[in-house]
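Q: Let us check some structural labels against their cut-offs. Here is the model.

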Amino acid sequence: MDELDRELLAVKDLEDDNDSFDDNSSKASTKSKLPLVNLDMHAEPPRETGFHRSTRVCLEHIRDALLHHRWQEAAEYMACYPQMLEDTTNGPSQSCKELTWRISTEILHHHPKSTLEDYNNIYERMKHSGVRHYLMICLEHSFHLLLHGHIEEAKRQLSVSESWRHGKESAAQFQRTKLIQAYRSLLDYIIWCDKKCTHSSTENSDSAENQDIRNYFRTASVNLKEILKNPGVWDPFILCYVEMLEFYEDHEEALKVLNDYAYDNSFPPNPNAHVYLYQYLKRCDTAEKKLMKVLKVLHVLVPSHELMLEYSSSLLQSEKSGDLQKALGVVLEMLDFACWRGNLVVWKRLEAIIQKLQREKDWKDVVFTKMSDRQGWWPALHFTNFHASKDSEENPELMQVKAPLTKTLCPSLTLKYTDWQAINGK
């Protein structure tokens, strides 16, 4: 409700004389910046016109109806409030236009009798109320059409807004235009998927239909390829692009796109980019060495990621010197996070690593080095009376795995986890 509160203040101060610098004006200006809760909402400001008084009171009623979920009442008041957009005294502010747009759609979203035509009317009216929010309103309009299954109409809305220009293009306008282009390409992908599924379910192959499907692929892929040249997080779009490339067996281009998305330094660090690359390489039966290289980078970004189980498994099976110690570090870092604390698979992986590591002469030094920084807080995270009681009741197998590891990981400490096990005869 912050925007609504600010608009109430803006309406109340609409008639203030900005050119006056006397003491009374200074006090009034200071008062208008106080939190809304400290203001008398019903006190009429000096020189407030009847029109502005009516819109202020109307907005207060709308706010009250929204707060109490009285959607019909809010809709009735809202039918009057857009008159503020026609104010010729000082002109409606941008915040007033945005407020009208967002409150109207919020009411329609909750009103039990709202129709698609109601949404269309609101969106079309707000598009023409000013240029600042035009692109975002078009994008939201297309989303609503898409939710109701009107894919072609949603695409038409995006196509119109994509070609829209006003004045000198700002950085924000450029970004919004790119976003609209991306979503229009996403709709091309959705249409491509629908036609592909329909075509595959029919026995007769129609060359004209094949060409139609191919055209949607070409349109979507060209635009998506262009979009992905702009640094950013494009996860859903890149997945669609790669799926289409895989379908047409363009594996070279798919691999290039995923590599660029993961390793291009102009893009923000994105763990998902490495996940997508790994999953694609695995589908292509890529060598284990390349898979481990991708997981190594992912480990740096997200040491608690579920794929670290696969990474630790690969390191455990590797014959390369030092990989076993890396596997130990990977699993211990997973267990640093509470989300893996009760996971039997992770603890069994740690057990397997320790057992293999014990064949080496310096295994105690290796474990001590890895655990030296954890001695102060790992027992509280994993090895308390509470954990022992919980594990014995909910997962006895987990307790059987953890208990022997306590002496290996924390040999110099007397832990309550093993004490509880001894006392209760577990």
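A: A crossing is left-handed if the near helix is turned anticlockwise from the far one by less than a right angle, and right-handed if clockwise. The model is predicted: local features need pLDDT of at least 70, side-chain atom pairs count only at pLDDT 80 or more, and totals for chains, interfaces and linings use all residues. Residues are numbered from 1 along each chain as its sequence is written, and side-chain values use heavy atoms, with hydrogens and water left out.

Q: What is the handedness of the crossing of H16 and H17?
A: The crossing of H16 and H17 is left-handed. Both are helices, that is, DSSP runs of H or I with at least four residues, numbered from the N terminus.

Q: What angle do helix H16 and helix H17 make?
A: H16 (residues 323–335) and H17 (residues 344–357) pack at about 150 degrees, with axes 10 Å apart. H16 is therefore roughly antiparallel to H17, a label for angles over 145 degrees. Axes are lines fitted to C-alpha atoms over the stretch in contact, and angles run from 0 to 180 degrees between N-to-C directions.

Q: Which residues in H16 meet H17?
A: Leu324, Ala327, Leu328, Val331, Leu332, Met334 and Leu335 do. Their partners in H17 include Trp347, Arg349, Ile353 and Lys356. The residues of this contact (heavy atoms within 4.5 Å) divide into 13 nonpolar, no polar and 2 charged. Asp, Glu, Lys and Arg count as charged; Ala, Val, Leu, Ile, Met, Phe, Trp, Tyr, Cys and Pro as nonpolar; the others, Gly among them, as polar.

Q: Why is Ser314 called buried?
A: Its relative accessibility is 11%. Buried means under 20% relative accessible area (1.4 Å probe, protein chains only), so Ser314 counts as buried. Ser314 lies in helix H15 (residues 308–317).

Q: What makes H15 mostly covered?
A: In H15, 8 of its 10 residues are buried. Among them are Met308, Tyr311 and Leu316. The cover includes helix H14 (288–301), H16 and H17.

Q: What joins the side chains of Ser314 and Glu288?
A: A polar contact of 2.5 Å joins them. The term needs a pair of N or O atoms within 3.5 Å; within protein, one must be able to donate a hydrogen and the other to accept it, and residues adjacent in sequence count only if both atoms are side-chain atoms.

Q: How do you know that Ser185 is buried?
A: Its relative accessible area is 0%. Ser185 sits in helix H9 (residues 171–200). The side chain of Ser185 reaches the backbone oxygen of Gln181 at 3.0 Å.

Definitions and conventions:
Helix = DSSP H or I, 4+ residues; strand = E, 2+ residues; numbered from the N terminus. Parallel < 35°, antiparallel > 145°, perpendicular 65-115°, else oblique. Buried < 20%, exposed > 50% of the residue type's maximum accessible area, 1.4 Å probe, protein only.
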